[in-house]
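Colleague: Hi! Could you walk me through the helix packing in this one?
Modeller: Happy to, let's have it on screen.

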Amino acid sequence: MDAIVRDLSGWIPVLLDVWRRARRLPEGPRDRLLPHELREVTQAVRKISAGLTGGRSLAGTRYMDDPRLLGAYLLYYWPNSYAQARHVLRFVMAASRASSVLDLGSGPGPVAFAALDAGVDHASAADRSSDALDLARTLAVERGEPLSLLNWNAANQPVPEGKFSLITVSHLVNELWLGQSDAVSRRAGLIERACAHLEPGGRLLVIEPALRETSRAALEMRDRLLDKGIVPVWPCLFREKCPALLKESDWCHSEIAWEPPRLMADIAKGAGLHKEALKMTAIAFMRASEAPARTDDSCIFRIVSEPLASKGRQRFMGCGARGRIGLSLQTKHITESNRRFGRLRRGDLIRVEGFEEKGDGLALLPESRVDFVP
Ligand SMILES: C[S@@+](CC[C@H](N)C(=O)[O-])C[C@H]1O[C@@H](n2cnc3c(N)ncnc32)[C@H](O)[C@@H]1O
């Protein structure tokens, strides 16, 4: 996270300066809000948080057109989305560098700027809120970033023209066709149409909130896309229907520990939010015909849970060529070669050598080896 935190800390004075000018406030500290500023922002962040996570009354509404809410978005959710996208792009762009990005539902552009900072040459940001796009334009001018802006409504306009090596769709999908019985298939249709704008070998990245409801809806959309020849290439190893959907209580998300910048920590504290980790459901897709071959190695697993409480055992859920499966190691079987198992974290990619099937899961043995897959 070091480079991400460093780059983000370079953005904070710009966000604060742009916010103060938009709110017609005098200049202030470069890394934090003054107490009266913090009061306004925390109030609005509380409203957004309740409206997008709790009752979801703001989801799908034009909250970006309210200057106080847009301002709060800029100072709190913008850095959050930026950090999420930078983290995921490390994996998504590891296989091939992207030269151009189309950011759908960009808001004030955190993901477009994250892609530019990750090495993309040019970004286009598309959103239906012209206020959010204006803010993205101001940020681009401040930083001299190559950003084009497109007024675009997902509900009734075609995907913007052009070919892109990367398309990002961050925290937009769950706001579309909300409450409609065919929402999942409409969302899958949008992603399918967007994929037609990928250059050969291009990737489309969806990021969604890690709530049970939004995460499961994203996984359902993932499954619809399989039928359209669009496959998940990260973080999923399993290219069949998502096994997390089998049980109503399951969902799947990434979680990355980080130290948020002071500005975010102050706002989170003031608004009573706990943001000690970045949480999201993120999936990168490719056209199946261009995707790298899937792994058939049934000893490779993505860890998809935190450590699960279990008496006398260390336990995680893993997902791989076998689907989603419990992995466990009895405390009495911990040895030098498998000790790493107990220190695993959600998202780790591991190869386990030497285990036995036990019940509906896999049990590691004293001789098991646990290695990280690069
Ligand atoms: C939660 S914000 C996400 C902003 C940014 N992508 C991020 O990750 O922080 C959702 C964005 O989707 C936009 N949006 C919602 N419905 C839309 C639609 N029908 N067409 C285009 N944009 C839409 C909103 O204006 C808002 O900027």
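Modeller: One term before we start: contact means heavy atoms within 4.5 Å. And keep in mind that this is a predicted model.

Colleague: Fine. What covers the buried residues of α8?
Modeller: Helices α1, α2 and α3 are among the elements that cover them.

Colleague: And which residues of α8 are buried?
Modeller: Helix α8 runs over residues 262-271, and its buried residues are Leu 263, Met 264, Ile 267, Ala 268 and Ala 271.

Colleague: Where do they sit around the axis of α8?
Modeller: On the same side of α8, because the arc they cover is only 125 degrees. As a reminder, an α-helix has 3.6 residues a turn, so residues three or four places apart point the same way.

Colleague: Nice. What comes just after α8?
Modeller: Gly 272, which has a positive phi of about 70 degrees.

Colleague: Back to the covering helices. How do α1 and α3 pack?
Modeller: Their axes are 10 Å apart, at an angle of about 160 degrees; α1 is residues 2-22 and α3 is residues 67-92. Angles over 145 degrees count as roughly antiparallel, and α1 and α3 are therefore roughly antiparallel to each other. Their crossing is right-handed.

Colleague: Which residues make that contact?
Modeller: From α1 they include Ile 4, Leu 8, Trp 11, Leu 15 and Trp 19, and from α3 they include Leu 74, Trp 78, Tyr 82 and Arg 86. By class, the contact of α1 with α3 has 15 nonpolar, two polar and four charged residues.

Colleague: OK, and at what angle do α2 and α3 cross?
Modeller: Roughly 90 degrees, with the axes coming within 8 Å; α2 is residues 35-54. That makes α2 roughly perpendicular to α3. Among the residues in contact are Val 41, Ala 44, Val 45 and Ile 48 of α2, and Leu 69, Ala 72, Tyr 73 and Tyr 76 of α3.

Colleague: How many charged residues does the contact of α2 with α3 have?
Modeller: Three, along with ten nonpolar and one polar.

Colleague: Is Gly 51 buried or exposed, and why?
Modeller: Buried, because its relative accessible area is 2%, and buried means under 20%.

Colleague: What does Gly 51 touch?
Modeller: Leaving aside residues up to four places away in sequence, Gly 51 touches Arg 56, Ser 57, Leu 58 and Ala 59.

Colleague: And how far is Thr 61 from Gly 51?
Modeller: The two are ten residues apart in sequence, and 9.7 Å separates their C-alpha atoms.

Note on methods. Residues are numbered from 1 along each chain as its sequence is written. This is a predicted model: local features need pLDDT of at least 70, side-chain atom pairs count only at pLDDT 80 or more; totals for chains, interfaces and linings use all residues. Side-chain values use heavy atoms; hydrogens and water are left out. Axes are lines fitted to C-alpha atoms, for helices over the stretch in contact, and angles run from 0 to 180 degrees between N-to-C directions. Helices (H or I, at least four residues) and strands (E, at least two) are DSSP runs, numbered from the N terminus. Angles under 35 degrees count as roughly parallel, over 145 as roughly antiparallel, 65 to 115 as roughly perpendicular and the rest as oblique. A crossing is left-handed if the near helix is turned anticlockwise from the far one by less than a right angle, and right-handed if clockwise. Ala, Val, Leu, Ile, Met, Phe, Trp, Tyr, Cys and Pro count as nonpolar, Asp, Glu, Lys and Arg as charged, and the others, Gly among them, as polar. Buried means under 20% relative accessible area, exposed over 50%, partly exposed in between (1.4 Å probe, protein chains only). The arc is that of the directions from the helix axis to the C-beta atoms.
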